[in-house]
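Please look through the structure below before reading on.

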Amino acid sequence: MNKSDENSKLPIIIDCDPGQDDALMLFLALNAPELDVLGVVACGGNVPLARTELNCRILVEMAGRVDVPVFAGCEGPMVEQLFTAEYLHGETGIDGIDFFEPSLPKNEKHGVDFIIETLRSAENEEITLVPTGPLTNIAMAMRKAPEIIPKIKQIVLMGGACFEGGNVTPSAEFNIYVDPHAADVVMRCGRPIVMFGLDVTHQVMTDPKIVADIRALGNKVAHASAGMLDFFGQYDAAKYSEQGGPLHDPCTIAWLLEPEMFVLKHCHVTIETSSKLTRGHTAVDFWGVTGNQPNVAWAHKVDRARFFALLTQRLAQY
Ligand code: BDR
Ligand code: CA
């Protein structure tokens, strides 16, 4: 690839907590010729940090991208205790794959410092952040070095819920519930935010045919993906009375690759941080009743067939 091709790629930093759906998000990002993945930062979320960091190294190595550095970020939320989701993702977070010890070594640099240093050396509005776990690392970077905020082009994140209600409490989605204070910092940062909450991620439920098609691709990454989707689907299929589970996190990368498949609306979004009953609730002003200036492009519709076609095509390329 020559220099001009390199320059036309969108530089992104991924911050995630794998998580089977984070894993699929990583696979979609790591072989996308449109994207330049500068690094992957792990946060405590679906499972504790020691495990999400290890999972990131396993997944990056599986994708053949040992050139992409992986960093451990914060162990837990800014204020609250860490709440994990082994009940959904299994003890490892990525149950369903054949495990191996990655050859990629652990990185000594803290993930928050990696984010800060990368943004510091970038141009204004250059870097896209893609968080698909609790927003702790992103908010900590903003708090530690507020001068990096103008370097952010956009934040494309998975989190929140409006019309769908919550998946961890009646009113909160997991990523926002785990660290509502971090989400509050991010919502107020003033940079463009594109948000994929449950309203849209519940429109991309897997089913047995999709998983079979992915398995039939025959390569290692597709095999691992199908194994994870089998595992991930069990719990969610029972919960949502569907045939599979929602592929939350890959919506972020799918939008970067093919934005036309989503419908978004500019809305003002506020995070509930203090109520015991509704902690982590995303108050999405979908109908503009507050008169507050929109701070988020809220995704609310997706073309499901196109989403799974993209995912399958890209996994076929491994
Ligand atoms: C989000 O929570 C996690 O369980 C998933 O990885 C996703 O990021 C969905 O609420
Ligand atoms: Ca996640």
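The model is predicted. Its sheet is open and has nine strands, in the order S3-S2-S1-S4-S5-S6-S9-S7-S8, with mixed pairing. S3 and strand S8 (282-285) stand at the edges with a single partner strand each, so one side of each has no neighbour in the sheet. On average, and ignoring direction, neighbouring strands of this sheet are turned by 30° against each other.

Within that order, strand S6 (residues 193-196) can be followed to its neighbours. S5 and S6 run parallel and are joined by four bridges. Across this pairing, Met-158 stands opposite Phe-196 in S6. S6 also pairs with S9 in the parallel sense, over two bridges, and here Val-194 stands opposite Ala-297 in S9. Is S6 buried or exposed on its two faces? Both faces are covered: Ile-193 and Met-195 on one side are buried, as are Val-194 and Phe-196 on the other.

S9 leads on to S7. Strand S7 (residues 262-271) and strand S9 (residues 296-302) pair over six bridges, in the antiparallel sense. One point to locate in this pairing is Cys-267, whose bridge partner in S9 is Val-296.

Helix H2 (residues 20-30) lies across strand S1 (10-16) and strand S2 (35-42), and runs at about 165° to S1. Helix H5 lies across S1, S2, S3, S4 and strand S5 (152-158), and its direction is at about 150° to S2.

H5 also takes part in an aromatic contact. The structure holds 10 aromatic pairs. In one of them, the rings of Phe-71 and Phe-114 have centres 4.2 Å apart and planes at 15°, so the pair counts as stacked. Phe-71 belongs to strand S3 (residues 70-72) and Phe-114 to helix H5 (residues 111-120), so the pair ties together parts that are 43 residues apart in sequence. Phe-71 counts as buried, at 4% relative accessibility, and Phe-114 is buried too, with a relative accessible area of 9%.

Elsewhere, Phe-83, Phe-174 and Tyr-177 form one aromatic cluster. Tyr-177 has a charged residue at its ring as well: Arg-279 lies over the face of Tyr-177, at 4.1 Å from the ring centre. A further contact of this kind involves Lys-265, whose charged end sits over the ring of Phe-286, 4.4 Å from its centre.

The last stop is the metal site. Which residues are the protein donors of the calcium ion (ligand 2)? They are Asp-17 (OD), Asp-22 (OD), Asp-22 (OD), Thr-132 (O) and Asp-249 (OD), and they lie 2.3 to 2.6 Å from the ion. Along the chain, the donors of the calcium ion (ligand 2) follow the spacing D-x4-D-x109-T-x116-D. Thr-132 is found in the loop between strand S4 (127-131) and helix H6 (136-144), and Asp-249 in the loop between helix H11 (220-240) and helix H12 (250-257), so this pair ties together parts that are 117 residues apart in sequence. Thr-132 is buried, with a relative accessible area of 1%. Asp-249 is likewise buried, and its relative accessible area is 2%.

How values were computed:
Residues are numbered from 1 along each chain as its sequence is written. Chains are lettered from A and ligands numbered from 1 in the order in which they are written. This is a predicted model: local features need pLDDT of at least 70, side-chain atom pairs count only at pLDDT 80 or more; totals for chains, interfaces and linings use all residues. Side-chain values use heavy atoms; hydrogens and water are left out. Donors are N, O and S atoms within 2.8 Å of the metal (3.2 Å for Na, K and Ca); water is not among the atoms, so sites may look incomplete. Buried means under 20% relative accessible area, exposed over 50%, partly exposed in between (1.4 Å probe, protein chains only). Rings of Phe, Tyr and Trp (its six-membered ring) pair if their centres lie within 6.5 Å; planes under 30 degrees apart count as stacked, over 60 as edge-to-face and the rest as tilted. A charge sits over a ring if NZ of Lys or CZ of Arg is within 6 Å of the ring centre and within 35 degrees of the ring normal. Two strands pair if DSSP finds at least two bridges between them. Axes are lines fitted to C-alpha atoms, for helices over the stretch in contact, and angles run from 0 to 180 degrees between N-to-C directions. Contact means heavy atoms within 4.5 Å.
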